[in-house]
Protein chains: 2
Amino acid sequence: MDFKTELEARTERVDAILEKYLPEAEGPQKTVLEAMRYSVMSGGKRLRPILMHETYSLFGGRERVIEPFMAAIEMIHSYSLVHDDLPALDDDDYRRGRKSTHAAYGEAMGILAGDALLNLAFETVSSAFTIDQGPNTANAFSLFARKTGVFGMIGGQVVDVETEGKQISPDLMRFIHEKKTAALIEAAMMTGAVLAGASRMDITATGSIAHDVGLAFQIRDDILDVTGTTETLGKPAGSDEKNSKNTYVKYFGLEKAEKEVEILSERALADLSSLSYENPFLTELIKSLVYRNK
Amino acid sequence: MDFKTELEARTERVDAILEKYLPEAEGPQKTVLEAMRYSVMSGGKRLRPILMHETYSLFGGRERVIEPFMAAIEMIHSYSLVHDDLPALDDDDYRRGRKSTHAAYGEAMGILAGDALLNLAFETVSSAFTIDQGPNTANAFSLFARKTGVFGMIGGQVVDVETEGKQISPDLMRFIHEKKTAALIEAAMMTGAVLAGASRMDITATGSIAHDVGLAFQIRDDILDVTGTTETLGKPAGSDEKNSKNTYVKYFGLEKAEKEVEILSERALADLSSLSYENPFLTELIKSLVYRNK
């Protein structure tokens with residue numbers, strides 16, 4: 001099978017898992033359940049759950065305990081986009097070529113559907129304990145919650161919003177990118193490693209690979225925001241400039257940003273190949289993320 | 001010791017536990033950490049963590065595993081108030097006699113501080129597994145997440161917002177009250193029972209008591225919104241009418257609402273006294289909640 005076909009099969013598997021953990025839109029809460037489904041089942045690339053699963057496989061994981069965590073990380077990713085798009089934040093009415101959640105369901109429902117997805121992510125994680133009550137599940141839960149929270153993804157988001165339009169130090173810009181994007185990639189890959197029972201050293205190495213991949217991925221995103229079109233991106237191009245975002249491209253120019261992506265990507269791939277485990281698909285996937293053109 | 005002194009001692013204990021689990025406001029995320037502290041350390045009555053702890057004690061619980069859950073439920077309660085107060089929802093600039101979080105820190109920070117508190121609640125729950133890795137902790141986590149989510153508190157909040165200004169059936173109004181308020185009281189008391197290792201039957205009985213207390217508490221709140229003043233409430237009186245909220249008082253009048261509180265309260269207290277365990281302070285506390293005048 002070629003990479004593209006394998007990737008499609010994995011994306012479909014994630015969609016099936018999400019279907020299982022997302023409640024049906026019925027009952028008095030029908031609207032918010034609909035808005036939650038609208039936000040999650042929106043043709044996302046499912047990179048984070050796939051990265052999680054592939055890292056789990058890399059370290060020999062073969063059980064179903066990974067599934068609730070895969071669903072949970074996509075719910076976290078989805079809610080963060082829903083809240084990001086709100087008028088008080090990035091104020092984006094479009095996402096992936098269609099209306100963003102608050103544009104489709106109203107602002108109040110956007111806020112509450114985001115809250116509901118964030119809460120559902122942890123409700124879903126809690127169901128992992130019915131599959132495996134061992135310490136790996138508890139450790140994965142703890143790591144996952146840390147990386148998604150104020151010392152992880154939310155922390156990056158906050159500083160990003162606070163510093164819009166302000167001149168900031170390269171260190172602070174790096175902090176934003178590391179937290180806003182890399183933290184969730186770290187959550188994905190490290191959760192996979194922890195659940196598979198990887199050694200402490202391998203978990204740390206996984207964190208470092210995920211950090212580099214995440215940062216490269218974000219810089220690539222910033223590059224595409226400048227070089228891409230609304231059509232290829234599925235969202236308005238140039239939105240970073242519109243929102244006066246601090247990006248690598250803005251500070252160092254396109255060329256240096258490209259160079260940084262290359263350095264990070266090569267380091268990540270070298271670290272990955274130095275592990276005593278192998279997953280060729282994971283290697284291909286990481287390459288496709290950091291070298292993507294759109 | 002009299003009830004008031006005992007209650008004060010317990011409130012202080014909850015504040016100390018919250019201090020332990022709320023991060024210091026420092027580093028690049030200083031502002032959001034400040035906003036989180038501002039939202040939580042605001043002189044709240046800490047009813048939910050106290051109810052949780054007293055139910056835990058009722059069933060013989062004596063360990064520290066209850067503490068992260070006590071902190072977590074107050075964080076959930078706090079974030080729900082922060083998001084409730086947002087312009088797109090109830091649009092309240094005051095809460096407990098001072099500026100609400102978004103009024104003090106801006107709307108974007110209000111949204112993100114709420115998200116961060118919701119996430120921190122579960123991060124805090126995850127730390128309970130370092131104290132007790134037994135099945136009670138996992139079961140408590142699962143129950144807690146369910147009661148705070150779209151089939152619990154958030155579900156009630158959503159339907160409440162959606163039906164503002166609309167004529168709804170008494171059943172739907174009851175649904176809103178049961179979810180919006182009672183679900184979190186159920187989360188508090190049932191988590192306490194589960195962590196203490198109460199029997200299945202006792203956990204169910206606890207849920208039923210909590211349901212009645214929660215519903216009585218909410219109707220009492222609606223009554224006070226009509227009969228109280230901004231000064232005694234610490235927030236604008238008459239806000240239900242302003243927001244066209246559907247309340248027991250609006251549908252059935254003050255007298256019938258009072259009667260309903262009485263029926264629910266008496267049933268809760270009778271059920272509580274029929275358990276094979278006793279906690280006189282818990283009984284007093286429940287009385288004070290449902291019979292309070294302000």
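B:Arg46 sits in the loop that joins helix H2 (30-40) to helix H3 (47-58) of chain B; helices here are DSSP runs of H or I with at least four residues, strands are runs of E with at least two, and both are numbered from the N terminus. This is a predicted model, in which local features need pLDDT of at least 70, side-chain atom pairs count only at pLDDT 80 or more, and totals for chains, interfaces and linings use all residues. Residues are numbered from 1 along each chain as its sequence is written, while chains are lettered from A and ligands numbered from 1 in the order in which they are written.

- B:Arg46 has a phi near 60 degrees, a positive value in a residue other than glycine.
- B:Arg46 is buried, with 23 other C-beta atoms within 10 Å; buried stands for 20 or more such atoms, exposed for 12 or fewer, and partly exposed for anything in between, with C-beta atoms placed from the backbone.
- On chain A, A:Asp91 is not a glycine either, yet its phi is positive at about 55 degrees.
- A:Asp91 belongs to the loop between H4 and strand S1 (94-95) of chain A, and it is partly exposed, having 15 other C-beta atoms within 10 Å.

**How the two chains meet**

- Chain A brings 43 residues to the contact and chain B brings 43 residues, where contact means that the C-beta atoms of two residues, placed from the backbone, lie within 7 Å.
- Helices H2 (30-40), H6 (107-127), H7 (135-148), H8 (153-162) and H9 (170-195) of chain A each supply at least two residues of the side that touches chain B.
- H6(A) gives the most to that side, with 13 residues.
- The side of chain A that touches chain B has 26 nonpolar, 12 polar and five charged residues; Ala, Val, Leu, Ile, Met, Phe, Trp, Tyr, Cys and Pro count as nonpolar, Asp, Glu, Lys and Arg as charged, and the others, Gly among them, as polar.

**Helix H7 of chain A**

- H7(A) has 14 residues and spans 20 Å from its first C-alpha to its last, close to the 20 Å expected at 1.5 Å a residue, a figure found as 1.5 Å times one less than the number of residues.
- Of the 14 residues of H7(A), 11 are buried, so this helix is largely enclosed by the rest of the structure.
- The buried residues of H7(A) include A:Phe141, A:Leu143 and A:Phe144.
- These buried residues pack against helix H4 (66-84), H6, H8 and H9 of chain A, together with helix H6 (107-127) of chain B.

**Inside chain B**

- Leaving aside neighbours within four places in sequence, B:Phe69 is in contact with residues including B:Met52, B:Ala140 and B:Phe144.
- B:Ser265 lies in helix H13 (residues 248-273) of chain B and counts as buried, with 22 C-beta neighbours inside 10 Å.
- With neighbours within four places in sequence set aside, B:Ser265 is in contact with B:Ala216 and B:Val290.

**Confidence**

- The mean pLDDT of chain A is 94, and 97% of its residues reach 70 or more; pLDDT is the predictor's confidence in each residue, from 0 to 100.
- The model scores ipTM 0.96 and pTM 0.96.
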